[in-house]
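Come along and follow my entries.

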Amino acid sequence: MSRKVTEIPQTKRDVPIEVQRLRVAAYCRVSTRHEEQRHSLEAQTAYYTNYITHNPHWEFFAVYSDIASGVRTVNRPGYQQLMRACAKRKVDLILVKALNRLGRDAVETIRQVRKLNKDEHRNLH
């Protein structure tokens, strides 16, 4: 009895994110202009720049940042630039320290994650 084998190719989603060819951006935010927060923002920016550029599979796109409260995204120019880059399909992956860096309001954060994840080519990690 002869059996036919059909090979189903692995999809991009089944491949670990660290080995996918992706254009990667990061978003950093601190909520005040206090000295320790400014140093935190600088450290986050340096960390993500190093982390992204040292992955041979990833293309560094940008690190966006803001010094602003997380509640109102319209008052965060770095966040707005990131969203425009995503809308233009220039970014495949966004790295953030925690989801609350995108926004303190859970509803708005979930809305943005869902909007970004509608396009199969983008991931929030």
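At what angle do helix H2 and helix H3 pack, and how far apart are their axes? I kept in mind that this is a predicted model.

Entry on the helix pair. I looked up H2 (residues 77–87) and H3 (residues 106–117) and found an angle of about 25°, with the axes 11 Å apart. Angles under 35 degrees count as roughly parallel, so I noted H2 as roughly parallel to H3. I also wrote down that the crossing of H2 past H3 is left-handed.

Next I checked which residues make this contact. From H2 I listed Tyr-79, Met-83 and Cys-86, and from H3 I listed Glu-108, Gln-112 and Leu-116. Sorted by class, the contact has 4 nonpolar, 1 polar and 1 charged residues.

Entry on the cores. A general reminder for myself: in soluble globular proteins, nonpolar side chains tend to be buried together. Here I found that the largest nonpolar core has 14 residues. Among those with the most contacts inside it are Tyr-27, Tyr-64, Leu-82, Met-83 and Cys-86. The elements giving two or more residues to this core are H2 and the strands S1 (22–30), S2 (58–67) and S3 (93–96). Which element gives the most? I found that it is H2, with 5 residues.

I then looked at Tyr-64 on its own. Leaving out residues up to four places away in sequence, Tyr-64 touches Ala-25, Ala-26, Tyr-27, Cys-28, Gly-78, Gln-81, Leu-82 and Ala-85.

Notes
Residues numbered from 1 in each chain as written. Predicted model: local features only at pLDDT ≥ 70, side-chain atom pairs only at ≥ 80, totals over all residues. Heavy atoms only, no water. Axes fitted to C-alpha atoms, helices over the stretch in contact; angles between N-to-C directions. Helix = DSSP H or I, 4+ residues; strand = E, 2+ residues; numbered from the N terminus. Parallel < 35°, antiparallel > 145°, perpendicular 65-115°, else oblique. Left-handed = near helix turned anticlockwise from the far one by under 90°. Contact = heavy atoms within 4.5 Å. Nonpolar A, V, L, I, M, F, W, Y, C, P; charged D, E, K, R; others polar. Core = buried A, V, L, I, M, F, W, Y, C linked by side-chain atoms within 4.5 Å. Buried < 20%, exposed > 50% of the residue type's maximum accessible area, 1.4 Å probe, protein only.
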